[in-house]
Amino acid sequence: MTWNDMKKTIALVLTAAALSASCNRGATGNAGTSKPTVALVLKTLNHPFFVDMRRGAQEAADRLGVTLQVQAAEREIDVEKQMQIVENMIQTGIQALCITPSGSREIVSALVKAKDAKVPIVVVDTRVDAKAAADAGVRPETFVGSDNYEGGKLAGEYLIRVTGGKARVGILEGIPGHETGDSRMRGFRDAVKGSPGITIVASQPANWERDQGFNVFQNMLQAHQDIDSVFACSDLMALGAIEAIAAAGKTGRIRVIGFDALDDAKKAIAAGTMEASVAQFPSEMGRAAVESAVKVIRGETVPPDIKVKLELVTKDNVK
Amino acid sequence: MIVPARQFGTLIGLLALCAILWILTPHFMSVSNLLNVAEQTSINAIVAVGMTFVILSGGIDLSVGSIVALSGVVLGTSLQAGHSLAVALPLSLAVGLLCGLANGALVSWGGLPPFIVTLGTMSIARGAALLFTEGRPVSGFDPSFRVLATGRVGFIPAPVIETTVVYAAAHFVLARTTFGRYVYAIGGNEEATRLSGVSVRFHKTMIYGVSGLMSALAAVILTARLNSAQPIAGMMYELDAIAATVIGGTSLMGGDGTLAGTLVGALIMGVLRNGLNLLGVSSFLQQIVIGAVIVVAVLIDTVLKRKNRT
């Protein structure tokens, strides 16, 4: 831009600013009702788990008479986008922030901004890294979620029970470095550690995704023909593995245990292509998160840890 | 070569967008929110500088997001290994620059289409970042490094100042140096530029080098901002950078466009995302709106161009 252009630009900016200032006068008054606003920032909305969570949260918000603002990044792993959303929501003057962190450590930078704006924080589903939070002086009001470690353990114990303690297992991991997946895997590994007959022959990340679950497990099968059991840290990956098993013509010969008890997984369990899935109750989490947020807004105390139940879904109890 | 009217079109678009948001939500037009938008835009804006150089020269660079990730993890790992910023920063910038130079060399000396070369680099750099970190994020840095993103000069966030400096420098290079002239010349007519005695191969290599370097700079801010270097960072950044560039009026055919336009383009993307968040628009609808804005902006641009010609 030349200097002349620049001058014109400045003039334009000023004119536009003046124009919009004059037509804006009456508009700021309609900021809405005085209902408190709770923000729910999810990892993504293209996963049934978070859609369920949103439903539970919305029901609680309607019941308690608060406005719920739900936002999510386009992709589950996009921490930077999630941080932007948090920053933007703070600007709207929310009274509480419920968040499912896309990254346990990374999100702390965003939570610092919430803290600075005196917005109370309710962490849902995935924990914030305790040390990183403490270092930054961030103190979430509460954590609402299932114990992923316990869930992984539940799956491991079940595997020991149905196989009589003899299995060759392939594990499909979530995104490396993510607390949720790591805890589930740790729980599973700890549960089977005491059974010498159970060997983990392969363990690879499939990044929570169905298509990657398919590809990764297909590759695992190529390398280890003798795999007879799969533990997938999420149902989407488990469902991908089931497709890979079908493609290899081994349906029914490999046990698949997943996590989340998604509708598709329940169907697979009923149909016998899947062995079991650890059920979490995301709508319950959403409900508890909004309820806690409202309590905090009202100045009531909430417990630091709100455990949402876990349950193993097998063909015996699948609905 | 520079058609001021078209750049103004984009600027008017940005101002109109701001005005609309001002009317629709009381939260948009506050100093803190505008600084917020500027800060959020900075990473895309810096990546888009490199993209503008490349697109002006008639090329495309799909590898920027992966280079952001690779330079970021190099930076993060060397900081965590106890190296000072004076060592880690040049190292990570060098990694970005080298990736870019490799792209450029393959395009110019290898004679391969930029789309293919940078598609390859996109995968190679991503894989390298994952391999290097074993897939895990590298987090937790010293506050003296983090000020690059969290610091403020007066009330202005550091990333905004960094972006301004980058734009000023890049604008100087593009508008005032022979290298800058050649960027336009190569994009306008590569054959004619070559015949007039310019080493097109050398300059093209440098252009992709600039893009790699800009990605590395963006990685510095991103890493400081998140207090973490993630091997999966920067996915789809190429699309945001291309969007900012073309909304800003740079022709995908090369030879035509300005950095000022790109900055406005990046701001439009940032303001749009911010505004849609403030308005509480569903995240699915947001993607539709952003896509529509990209198409409409380029459509207006094309129509204006046709008009100018007749």
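Start by selecting B:Thr10 and its surroundings. Leaving aside neighbours within four places in sequence, B:Thr10 is in contact (heavy atoms within 4.5 Å) with B:Ile247, B:Gly248, B:Val264 and B:Ile268. B:Thr10 sits in helix 1 (residues 4-24) of chain B. Helices here are DSSP runs of H or I with at least four residues, strands are runs of E with at least two, and both are numbered from the N terminus. Is B:Thr10 buried or exposed? B:Thr10 is buried, with a relative accessible area of 9%. Buried means under 20% relative accessible area, exposed means over 50%, and partly exposed lies in between (1.4 Å probe, protein chains only).

A word on what you are viewing. This is a predicted model, where local features need pLDDT of at least 70, side-chain atom pairs count only at pLDDT 80 or more, and totals for chains, interfaces and linings use all residues. Residues are numbered from 1 along each chain as its sequence is written, chains are lettered from A and ligands numbered from 1 in the order in which they are written, and side-chain values use heavy atoms, leaving out hydrogens and water.

**Next stop: helix 11 of chain B**

Select residues 237-247 of chain B. Helix 11 is mostly covered, with 10 of its 11 residues buried. Among them are B:Tyr237, B:Asp240, B:Ala244 and B:Ile247. B:Gly249 follows helix 11 of chain B, and its phi is positive, near 95°.

**Next stop: B:Met51**

Select B:Met51, which lies in helix 2 of chain B. At 0% relative accessibility, B:Met51 counts as buried. Which residues does B:Met51 touch, not counting those up to four places away in sequence? They are B:Asp61, B:Val64, B:Ser211, B:Glu238, B:Ala241, B:Ile242 and B:Thr245.

**Next stop: helices 2 and 12 of chain B**

Show helix 2 (residues 31-56) and helix 12 (residues 259-278) of chain B. Their axes come within 8 Å and cross at roughly 140°. Axes are lines fitted to C-alpha atoms, for helices over the stretch in contact, and angles run from 0 to 180 degrees between N-to-C directions. The two helices are therefore oblique to each other. Angles under 35 degrees count as roughly parallel, over 145 as roughly antiparallel, 65 to 115 as roughly perpendicular and the rest as oblique.

Colour the contact residues. In helix 2 of chain B they include B:Asn33, B:Val37 and B:Phe53, and in helix 12 of chain B they include B:Leu259, B:Gly270 and B:Leu278. By class, this contact has 12 nonpolar, nine polar and no charged residues. Ala, Val, Leu, Ile, Met, Phe, Trp, Tyr, Cys and Pro count as nonpolar, Asp, Glu, Lys and Arg as charged, and the others, Gly among them, as polar.

**Next stop: helices 8 and 10 of chain B**

Move to helix 8 (residues 178-188) and helix 10 (residues 200-226) of chain B. They pack at an angle of about 105°, with their axes 10 Å apart. Helix 8 and helix 10 of chain B are therefore roughly perpendicular to each other. On the helix 8 side, select B:Phe179, B:Tyr182, B:Val183 and B:Ile186. Their partners in helix 10 of chain B include B:His203, B:Lys204 and B:Val210.

**Last stop: chain A**

Switch to chain A, which has 11 helices and 12 strands. Of its 319 residues, 53% count as buried. Finish on A:Cys98, which counts as buried at 0% relative accessibility.
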